[in-house]
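Student: I would like to learn how to read a protein model. Please take me through a few features.

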Amino acid sequence: MEESVRPSYTVSQPPPHIDLQAIPRPAPRDEQQAEPAATPSPRALPAAWEARYRAWVIGSDVFITLLVIAISAFVIDRVAPHDMHAFGTILAVFVSLPASRAWSSRVLGEGAEEYRTLGRGFITAAVLVALGGLLFGALEVQIWVFVVVPAIALVAFPQRYLLRQVLHRKRAKGLCLLPVMAAGSPQTVADLIARTKSEVHVGWRVEAACTFTGHGADRDSGEIDGVPVVGRLEELSRYVRRGGYRVVAITADQYWTPKRLQRLAWDMEGTGAEMVVAPVLMEVAGPRLNVTGVLGMPLLRVTAPMFTGGRRVVKEIVDRAGSAFLLTLLSPLLLVIALAIKLNDGGPVIYRQRRVGRDGATFTMLKFRTMVTNADEIRKTLEQDNEGAGPLFKMKRDPRITRVGGFLRRYSLDEVPQLFNVVSGKMSLVGPRPPLPEETAQYAPDARRRLLVKPGLTGLWQVSGRSDLTWAESIRLDLRYVEDWSLALDLVILWKTFRAVMGGQGAY
């Protein structure tokens, strides 16, 4: 996949040093001269890199499907790949993936939705193969339903991840980004700009902003966090037509009424720009949000977070079975680590600590001991050197950590015994970080929502910076998990955990 070259197309905007208050307020629409019909600017059209990336995704899915089915037809049926079972499976996969939006540009490259649609596509394909077998009396089709289709999925998910990593590396270099116009209050626009800069893998680059007033912006430079303010909200459609933005992000502001948003959507027709409206509930996303039409009005329906039910039963089964399997697989490693700790200073191998679990119930969490035996007593003399966020106690060069303990912490091997906590049902493989009782005593009401679910061996905090996170960021990530939990999100976090652990980032 080639790197995209950004077109030499300049955004229509005033000079960088402007007085926001000097921008004249336009006359009401009925007094203005009719604007010419909108025509997409070259930069507003889908970029070449988007088409190439989508072609790579589709091509890799097609190649993997044909390869796995060809091998299966040879191994299972001992016939050529044109066997009717093979043909039916190919047809089912190639119908189900696009029908499930697994090849839609809107889901490619970011978020758990891509994996969710991919999984839905393969489940649909398996159902179609099974129905086809029943319809045509081919009862021996079971092996294609329960072996071949899952085998395709097992290869497709990793290759999607690898393609995504290529795209994310390009975005980290400033390539393959969508030009964005942000419009709203200076505070919400600044929040959007900060998020796009900290999460560049999403693929947005805010290049200009429109605000209602100059309040909250740098009046001398006409900028918000380095992004030029090109006009006011009532001029937004005019700047969109001139600028060629791919995304127009509408952030919260009292200016936005349903009628004004509708008028803006009409004005943007034909520009090639996509209008994205940020809901008031900024931290609620994923499967809990649905847009429905009631009484002719589009309504954003927010379902309550699910803490019980069928999906939670599946999570419980996966947690216990998965942790038991990992304990069996890692048992030789556990013995080696235990021997190393014992030989290092002769102290106990396991460190037991009281932690707070679901609904505030306490439990004993197990870890490999990484500090000297009197670490709790020494901590009292180190309080002034605390580098942790909020109520956490952390030191990057903690003198209590042993030589073996430093290695274990770097690669999170000290946390492996927590798999016993998962097997016993006190913890989950994925969830919020298990807090100490003294931490929960200082929780604000919103932070206490972390206790609505089981704490996890890993979580969003683990794959987003670990100890490098601020207290507020740690709480925000944990609450995001509690609010937007899904099985697909768990799979993504587990997939990312290995990379985070091997890199050792934020571990101390």
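Predicted model: local features only at pLDDT ≥ 70, side-chain atom pairs only at ≥ 80, totals over all residues.

Tutor: Residues are numbered from 1 along each chain as its sequence is written, and side-chain values use heavy atoms, with hydrogens and water left out.

Student: How many helices and strands does the protein have?

Tutor: Helices (H or I, at least four residues) and strands (E, at least two) are DSSP runs, numbered from the N terminus. The protein has 14 helices and 12 strands.

Student: What percentage of the residues is buried?

Tutor: Buried means under 20% relative accessible area, exposed over 50%, and partly exposed in between (1.4 Å probe, protein chains only). Of the 508 residues in the protein, 44% are buried.

Student: How do I read the crossing of α2 and α4?

Tutor: Axes are lines fitted to C-alpha atoms, for helices over the stretch in contact, and angles run from 0 to 180 degrees between N-to-C directions. Angles under 35 degrees count as roughly parallel, over 145 as roughly antiparallel, 65 to 115 as roughly perpendicular and the rest as oblique. The axes of α2 (residues 84-99) and α4 (residues 142-172) come within 12 Å and cross at roughly 55°, so the two helices are oblique to each other.

Student: Which residues of α2 and α4 meet?

Tutor: Contact means heavy atoms within 4.5 Å. From α2, H85, A86, T89 and V93 meet W144, V148, V149 and I152 of α4. This contact has 6 nonpolar, 2 polar and no charged residues; Ala, Val, Leu, Ile, Met, Phe, Trp, Tyr, Cys and Pro count as nonpolar, Asp, Glu, Lys and Arg as charged, and the others, Gly among them, as polar.

Student: At what angle do α2 and α3 cross?

Tutor: The axes of α2 and α3 (residues 113-135) cross at roughly 140° and come within 8 Å. That angle makes α2 oblique to α3. In the contact of α2 with α3 there are 8 nonpolar, 5 polar and no charged residues.

Student: Where is S486 found, and is S486 buried or exposed?

Tutor: S486 is in the loop between α13 (471-484) and α14 (487-503). With a relative accessible area of 4%, S486 is buried. The side chain of S486 reaches the backbone nitrogen of L489 at 3.1 Å.

Student: Where does S412 lie?

Tutor: S412 lies in the loop between α10 (403-410) and α11 (418-423). S412 counts as buried, at 9% relative accessibility. S412 and F368 are 44 residues apart in sequence and 9.9 Å apart in space, C-alpha to C-alpha.

Definitions and conventions: Polar contact = N/O pair within 3.5 Å; in protein donor to acceptor, adjacent residues only side chain to side chain.
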